[in-house]
Amino acid sequence: MNRFLTRLGLSLASVLALAGASPAQERPARALLEAAAEAMGGLDRIRNLDNIVLTGFGQRYNTNGNLSPHPNSPPKWVAVADAERSFDLRNKRALNQERQNRMFPFASAAGHSWSRSNTLQTGRAMLDHPLPALLEALAPETTLGPVRIEDGLSVVEFTIQGGVTLWMALDPKTNLPAWVRWIAGDSQLGDVTHTAYFTGYLPFDGVRLPVGLMHKIDWRDQITFMFQVDSYRVNVPNLPPFPQGAQGAGGGGFGGGAAPLAAVAKIAEGVWDVRVGRNGGPVIEFEDHLVIFEPVGSEAQFFARLDAANALVPGKQVTAVIVTHHHSDHAAAIRGAVARGLTIIAERGNEELFQEFVARPAVNFPDALARNPRRMVFRPVDDVLVLEDRRQRLEIYHVVDHLHMSNAVFAYLPKERIMMEGDLSDVSWDWHWWAGALAANIKRYGVDPAINVPVHGSPLGIKETLSRMESQVEAAQAFCKQNASAGIYFFGCPVQYNPSGHVRDR
Ligand SMILES: [Zn+2]
């Protein structure tokens with residue numbers, strides 16, 4: 001049922017609402033769209049517009065970067081300021097420019113730089129606004145589908161050139177567009193239905209346009225974008241220069257491109273580092289099977305690592321994956337891991353979220369799990385879980401004192417003195433906000449690593465790892481201090497950690 005509804009872009013609630021609607025309320029799609037054009041300023045007027053430019057500010061959802069995997073965890077947000085979006089209606093393209101800053105401590109300076117992005121949008125990517133969406137729905141090359149009623153709104157289905165299908169809801173009281181919906185693929189969530197809501201219509205040069213823009217997805221009813229328009233200009237004489245090469249023209253699929261290559265490096269007897277680019281983790285040999293660390297990256301990247309791991313020891317296959325935490329880059333290929341029959345080992349609090357990932361349909365953008373549906377086998381970690389047989393002993397511990405995420409694990413091979421972790425260290429980070437966590441966990445669990453294998457980076461001596469952190473935490477402290485002297489207080493400032501202990505010296 002769920003699958004079928006998603007294919008139609010419907011939610012269960014909307015179908016229940018539909019059950020009460022009378023078919024007599026339905027009008028043909030074209031008549032509804034033409035009435036909407038009339039309400040927005042007249043069909044001729046809006047068809048002859050050259051461009052519109054909006055400015056404003058808002059926030060974007062940092063997808064699955066929440067503090068914890070719990071449904072009621074506080075989400076993380078990215079601030080959007082000095083935004084300007086230019087719709088070049090004549091040439092069916094838009095330019096989105098905005099300054100972003102993460103409203104949480106971020107390890108890369110670019111995440112707090114407020115530098116202005118320049119994104120060219122064509123096709124579906126520019127149709128999350130009612131004006132270009134309505135013009136596209138009315139374009140001769142667009143195919144109109146059936147009309148249905150949802151929550152008292154008339155919903156028109158339309159398929160644009162290139163085959164992407166969208167839905168537009170029209171308010172019968174005003175005839176104005178209430179929302180536009182589309183479906184995109186996601187590595188963690190499968191098919192994701194996005195709805196862009198339009199509210200607060202006001203006239204600008206005789207064209208009615210919404211000043212409230214908000215996006216939601218059909219996972220936890222999560223808001224992913226909220227934006228307040230603070231100006232609209234109609235038919236601006238000079239638009240800013242547009243960059244070359246379209247982005248986001250497709251339907252929002254994922255993967256594609258060249259097949260990723262996994263690099264294998266032996267780090268001890270029966271232990272290999274297997275990564276794609278700078279992301280990956282160890283493969284550990286047990287008596288009759290292998291265990292892999294972290295389903296990081298895309299499904300294709302994880303499968304490249306998995307295939308390389310399965311070729312390491314004749315007769316031994318990977319049967320389990322250890323997941324450090326739920327963030328979108330780390331727990332990226334949970335669905336792929338389940339499709340390949342791997343047991344998922346993670347801190348107990350992740351089970352419900354991972355179950356949500358696995359249960360979601362991927363009909364429009366099928367992945368390995370859609371082609372090979374399986375149930376998830378989850379092995380929880382509380383404080384510690386030990387995997388041990390006659391050949392190997394691997395200890396898995398709940399990460400403490402790391403407030404980037406609450407429900408994380410790291411792993412340790414006591415015989416080889418190898419530690420493996422996600423986001424406790426990364427030598428490429430400009431700033432380290434949680435630099436005490438590595439030392440604090442080593443101390444708490446009495447482990448004695450010689451080598452550390454981070455998910456991001458490559459295997460490195462523990463001493464080098466800890467000393468690199470000292471300059472990263474100093475850089476973060478300097479950033480906070482410099483801003484504080486100008487009266488600016490970034491999220492995460494002042495830094496609460498130092499590399500040797502877990503709480504900073506006050
Ligand atoms: Zn990470």
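Residues are numbered from 1 along each chain as its sequence is written. Because the model is predicted, local features need pLDDT of at least 70 and side-chain atom pairs count only at pLDDT 80 or more, whereas totals for chains, interfaces and linings use all residues. Helices (H or I, at least four residues) and strands (E, at least two) are DSSP runs, numbered from the N terminus.

The chain is assigned domain 1 (28–234) and domain 2 (263–485), with bounds taken from an automatic or database domain assignment. Between the C-alpha centres of domain 1 and domain 2 the distance is 36 Å. In the interface, 18 residues of domain 1 are in contact with 32 residues of domain 2; contact requires that the C-beta atoms of two residues, placed from the backbone, lie within 7 Å. On the side of domain 1 that touches domain 2, strand 8 (177–186) and strand 9 (190–204) are the elements that give two or more residues. The residues on this side of domain 1 comprise 7 nonpolar, 10 polar and 1 charged. In this classification, Ala, Val, Leu, Ile, Met, Phe, Trp, Tyr, Cys and Pro count as nonpolar, Asp, Glu, Lys and Arg as charged, and the others, Gly among them, as polar.

Strands of a sheet pair through backbone hydrogen bonds, either parallel or antiparallel. Here, two strands are taken to pair if DSSP finds at least two bridges between them. Strand 1 (residues 51–61) is joined to strand 2 (residues 77–88) by 10 bridges, and the two run antiparallel. Within this pair, Asn51 has Asp88 of strand 2 as its bridge partner. Strand 1 also pairs with strand 11 (residues 223–234), in the antiparallel sense and over 9 bridges; Gln59 has Met226 of strand 11 as its bridge partner.

Seven-stranded and six-stranded open sheets are also present. In the sheet of 7 strands, the order is 12-13-14-15-16-17-18 and the pairing is mixed. Its edge strands, each pairing on one side only, are strand 12 (263–268) and strand 18 (378–381). Direction ignored, neighbouring strands of this sheet are turned by 25 degrees against each other on average. Strand 12 and strand 13 (residues 271–276) run antiparallel and are joined by 5 bridges, with Val274 of strand 13 as the bridge partner of Val264. Helix 6 packs on this sheet and touches strand 12, strand 13, strand 14 (279–285), strand 15 (290–293) and strand 16 (318–322); the direction of helix 6 makes about 150 degrees with that of strand 13. Axes are lines fitted to C-alpha atoms, for helices over the stretch in contact, and angles run from 0 to 180 degrees between N-to-C directions.

The 6 strands of the other sheet follow the order 19-20-21-22-23-24, again with mixed pairing. Strand 19 (384–388) and strand 24 (460–461) form its edges, each pairing on one side only. Strand 19 runs antiparallel to strand 20 (residues 393–398), to which 5 bridges join it, and Glu388 stands opposite Arg393 in strand 20.

The largest nonpolar core contains 130 residues, of which Val156, Met168, Ile344, Ile345 and Val409 touch the most other members. Such a core is a set of buried Ala, Val, Leu, Ile, Met, Phe, Trp, Tyr and Cys residues joined through C-beta atoms within 7 Å. A residue is buried if 20 or more other C-beta atoms, placed from the backbone, lie within 10 Å of its own, exposed if 12 or fewer, and partly exposed in between. Helix 6 (residues 299–310) gives the largest share of this core, 7 residues. Both domain 1 (28–234) and domain 2 (263–485) supply at least three residues to this core. Leaving aside neighbours within four places in sequence, Met168 is in contact with Ala133, Ala137, Val156, Phe158, Pro177 and Val180. Among these, Ala133 and Ala137 are buried residues of helix 5. In helix 5 (residues 130–137), 8 of the 8 residues are buried, so the helix is largely enclosed by the rest of the structure.

His194 lies in strand 9 and is buried, with 20 other C-beta atoms within 10 Å. Not counting residues up to four places away in sequence, His194 touches Arg181, Trp182, Ala184, His215 and Ile217.

Backbone exceptions occur at several positions. Asn64, in the loop between strand 1 and strand 2, has a positive phi of about 50 degrees although it is not a glycine; Asn64 is buried, with 22 other C-beta atoms within 10 Å. Arg417, in the loop between strand 21 (409–413) and strand 22 (418–421), likewise has a positive phi, near 55 degrees. Arg417 is partly exposed, with 14 other C-beta atoms within 10 Å. A cis peptide bond, with omega about -5 degrees, joins Cys493 and Pro494, and Pro494 is placed in the segment after helix 11 (462–485).
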